[in-house]
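Subject: Structure handover

Hello,

Here is the structure you are taking over. My notes on what was found in it follow below.

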Amino acid sequence: MSIPAFDVLDTDALIVVDPQNDFCEGGALAVEGGAGIMLLINEIAAQFKTVIVSQDWHTPDQISFASNHEGAVPFTAIEVAYGPQMLWPDHCVQGSNGADFHADVAPAIQRAAAIIRKGANPAVDSYSAFFENDRQTSTGLSGLLRGLGIKRVFICGLAYDYCVRYSAEDAVREGFEAIVIEDASRAISPDTAQAARDSFAALNITRL
């Protein structure tokens, strides 16, 4: 596997989304093939002057955990104050091994200019590296990128159909050109992966 051919500029940034143990094989919310993209992410990151990494960082009482809703099961949706919310198995709990970055992606993590922790508010989940799911609470990533003079972002990681998708959509809404690197991303479900591709097409987000 090799990265697609593209020219990386000083005004580009790579955003690596949630390359964490719980999203890889053996984790609480494993994405098939998740661990297999880590070495490719390192290869890609080595080409960028600016690398940003996001990290799911939940408290045990996170609203999106099915275990916190009596009788609820993972992968069903509920209504919360900010709208529909998918329920998940407990994952990426602060300080746990599952929340740690996968060991194979260490070179990319070492290159990171910043690590954006998201989902720390127990009352609001956070897919996007830019905004929590209430669509109002910023992680600060937009301001950081603007301060670094970034115009275009390349996005990869886990999972393609949720946190990568929402990050790419928000990047465009925040005024950045967005490119999703599909070889370095993996999806939870074929159906939601197709929904992500449809969204990318509607927003003129490039897929590599």
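A charge sits over a ring if NZ of Lys or CZ of Arg is within 6 Å of the ring centre and within 35 degrees of the ring normal. Arginine 117 meets this description: it lies over the face of tryptophan 57, at 3.6 Å from the ring centre. Please keep in mind throughout that this is a predicted model.

The sheet

The order of strands in the open sheet of six is S5-S2-S1-S6-S7-S8, and the pairing is parallel. S5 and S8 are the edge strands; each has a single partner, so one side of each has no neighbour in the sheet. Strands S6 (residues 152–158) and S7 are joined by six bridges in the parallel sense. Within that pairing, valine 153 has alanine 178 in S7 as its bridge partner.

Helix H1 (residues 38–45) touches strand S1 (12–17), strand S2 (50–56), S6 and S7, and its direction makes about 145 degrees with that of S7. H4 also packs on the sheet, where it touches S1, S5, S6, S7 and S8; the direction of H4 makes about 165 degrees with that of S6.

The hairpin

Strand S3 (residues 77–80) and strand S4 (residues 83–86) pair in the antiparallel sense, over four bridges. A hairpin of two residues connects S3 to S4. Isoleucine 78 is found opposite glutamine 85 in S4.

As background, strands of a sheet pair through backbone hydrogen bonds, either parallel or antiparallel.

Salt bridges

How many salt bridges are there? The count comes to nine.

In one of them, the side chains of arginine 135 and aspartate 170 meet with N and O 2.3 Å apart. Arginine 135 belongs to the loop between strand S5 (112–118) and helix H3 (141–147), and aspartate 170 to helix H4 (residues 160–173), so the pair ties together parts that are 35 residues apart in sequence. Is each partner buried or exposed, or something in between? Arginine 135 is partly exposed, with a relative accessible area of 36%, while aspartate 170 counts as buried at 2%. Arg135 and Asp170 also belong to a network of salt bridges in which they are linked with Arg165, Glu169 and Arg173.

Another pair is arginine 146 with glutamate 174, whose closest N and O atoms are 3.3 Å apart. Arginine 146 is partly exposed, its relative accessible area being 46%. Glutamate 174 also counts as partly exposed, at 22%.

Glutamate 182 and arginine 207 form a further salt bridge, with 2.6 Å between the closest N and O atoms. Here the linked parts are distant in the chain: glutamate 182 is in strand S7 and arginine 207 in strand S8 (residues 206–207), 25 residues apart. The relative accessibility of glutamate 182 is 22%, which counts as partly exposed. Arginine 207 is partly exposed as well, with a relative accessible area of 40%.

Aromatic pairs

The structure holds eight aromatic pairs. The rings of tyrosine 127 and tyrosine 166 have centres 5.1 Å apart and planes at 75 degrees; planes over 60 degrees apart count as edge-to-face, so this pair is edge-to-face. Tyrosine 127 is buried, with a relative accessible area of 8%, whereas tyrosine 166 counts as partly exposed at 25%.

The rings of tyrosine 160 and phenylalanine 200 are also edge-to-face, because their planes stand at 85 degrees, with the centres 5.7 Å apart. Tyrosine 160 lies in helix H4 and phenylalanine 200 in helix H5 (residues 190–202), so the pair ties together parts that are 40 residues apart in sequence. Both tyrosine 160 and phenylalanine 200 are buried.

Finally, one aromatic cluster is formed by Phe75, Trp88, Tyr127, Tyr162 and Tyr166.

Regards

Note on methods. Residues are numbered from 1 along each chain as its sequence is written. This is a predicted model: local features need pLDDT of at least 70, side-chain atom pairs count only at pLDDT 80 or more; totals for chains, interfaces and linings use all residues. Side-chain values use heavy atoms; hydrogens and water are left out. A salt bridge is a side-chain nitrogen of Lys or Arg within 4 Å of a carboxyl oxygen of Asp or Glu. Buried means under 20% relative accessible area, exposed over 50%, partly exposed in between (1.4 Å probe, protein chains only). Two strands pair if DSSP finds at least two bridges between them. Contact means heavy atoms within 4.5 Å. Axes are lines fitted to C-alpha atoms, for helices over the stretch in contact, and angles run from 0 to 180 degrees between N-to-C directions. Rings of Phe, Tyr and Trp (its six-membered ring) pair if their centres lie within 6.5 Å; planes under 30 degrees apart count as stacked, over 60 as edge-to-face and the rest as tilted.
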